[in-house]
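This report examines a single protein chain. Please consult the sequence and the coordinates alongside the text.

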Amino acid sequence: MLLTYCSLLKVNIFRGITLPDAPKFGKVFGGQLVGQAMAAASKTVDCLKLVHSIHAYFLLVGDVDMPILYEVQRLRDGNSFATRRVDAIQKGNLIFTLVASFQKEEKGFEHQEITIPSVPAPDKLLSMEELRERRLTDPRLPRSYRNKVATANFVPWPIEIRFCEPNTSTNQTKSPPSLRYWFRARGNLSDDQALHRCVAAYASDLIFLTVSLNPHRGRGLKATSISLDHSMWFHRSFRADDWILFVMTSPTAYNARGFCMGEMFNRKGEIVITLTQEGLIRKAKTQSPGVASKL
């Protein structure tokens with residue numbers, strides 16, 4: 001998958017770019033940084049070792065028009081485990097850092113206490129493109145919202161998403177701080193398990209943090225959200241080009257920070273990933289005409 005691809009420049013240094021069809025949101029998408037940094041780290045590790053956990057921090061906004069350098073530090077190489085740190089750099093500035101731990105697969109104790117929620121199968125749900133078409137003509141939605149949807153430049157994401165509980169909510173409708181949807185990569189991926197984990201990491205940042213804003217939405221509210229940190233634990237192998245159920249909730253928000261937790265399940269009901277994220281969530285500042293921002 002090209003959106004998580006990074007090329008080797010020299011030993012331990014890789015180059016990533018933002019492709020034209022990548023989600024941007026006015027800046028380098030956080031999932032792109034996580035996925036490309038994981039890909040860079042994976043290229044420096046014994047192929048028998050797979051990433052089992054990552055912990056990442058978003059430090060500065062990335063520029064979509066510039067390549068990103070990923071510098072890998074080989075912190076440890078053991079018989080069973082390896083550890084890597086990856087720094088993402090633009091314009092000489094550190095914009096993102098990630099620590100990843102890798103492990104050789106081995107037999108061991110197994111249990112799973114959590115169960116997959118009862119939700120409709122993905123083939124029974126509408127795609128985002130189909131939902132968009134419905135919203136264009138849904139009389140329950142404000143005309144101003146429908147006009148905004150109709151005139152917005154719509155570029156399909158490289159990740160296919162199907163919401164388990166599609167509704168008529170907008171970004172100004174208060175709702176519970178939770179969400180469930182199926183996702184998968186568009187097209188077929190190779191059998192490289194490292195790639196599948198990079199793609200899942202890429203997809204994990206698409207909507208995650210916005211769940212913490214749901215209880216605070218209201219008419220006229222304009223809010224901003226920026227990821228601060230992101231952690232993932234990969235429990236077992238999976239395919240990112242097959243449907244994965246992402247179950248997320250935000251148990252708390254305080255001091256302008258929203259905290260989110262999530263689990264990802266394969267279609268057999270096995271939990272494949274646990275993840276957390278914290279981000280900055282604020283009311284957007286209204287700027288008086290003629291007054292320049294100090295930020």
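## Basis and confidence

The model is predicted, so local features need pLDDT of at least 70 and side-chain atom pairs count only at pLDDT 80 or more, whereas totals for chains, interfaces and linings use all residues. Residues are numbered from 1 along each chain as its sequence is written, and side-chain values use heavy atoms, with hydrogens and water left out.

The chain has a mean pLDDT (the predictor's confidence in each residue, from 0 to 100) of 89, and 86% of its residues reach 70 or more. Over residues 288-295 pLDDT stays under 50, and the model has three contacts there beyond four places in sequence; a contact means heavy atoms within 4.5 Å. Where pLDDT is low, the predicted coordinates should not be read in detail.

## Overall architecture

The chain contains four helices and 12 strands. These elements are DSSP runs numbered from the N terminus: helices are H or I with at least four residues, and strands are E with at least two. Of the 295 residues in the chain, 45% are buried; buried means under 20% relative accessible area, exposed over 50%, and partly exposed in between, with a 1.4 Å probe and protein chains only.

Among contacts with a separation of 6 or more, 71% are between residues 24 or more positions apart. The chain exposes about 16,100 Å², of which carbon and sulfur atoms supply 53%; the areas come from the Shrake-Rupley method with a 1.4 Å probe, and for residues only the protein chains shown count as cover.

The expected span is 1.5 Å times one less than the number of residues. Of the 13 residues in α1, 13 are buried. G30 belongs to this helix and counts as buried because its relative accessible area is 11%. Beyond residues up to four places away in sequence, G30 touches F58 and D205.

G30 and A203 are 173 residues apart in sequence, yet their C-alpha atoms are 9.7 Å apart in space. A203 is one of the buried residues of α4. Helix α4, residues 193-204, should span 16 Å, and its end C-alpha atoms are 17 Å apart, which agrees. Because 12 of its 12 residues are buried, α4 is largely enclosed by the rest of the structure. D192 caps the N-terminal end of α4, with a side-chain oxygen 3.1 Å from the backbone nitrogen of A194.

## Nonpolar cores

A nonpolar core is a set of buried Ala, Val, Leu, Ile, Met, Phe, Trp, Tyr and Cys residues joined through side-chain atoms within 4.5 Å. The largest has 62 residues, of which F96 and L98 touch the most other members. Apart from it lies another core of nine residues, including L125, W182, W243 and I271.

S101 lies in strand β6, residues 93-104, and is buried because its relative accessibility is 15%. Its side chain is joined to that of H52 by a polar contact of 2.7 Å. A polar contact is a pair of N or O atoms within 3.5 Å; within protein, one must be able to donate a hydrogen and the other to accept it, and residues adjacent in sequence count only if both atoms are side-chain atoms.

T276 is located in strand β12, residues 271-283, and its 17% relative accessibility makes it count as buried. Leaving aside residues up to four places away in sequence, T276 touches residues including F208, D229, H230 and W233.
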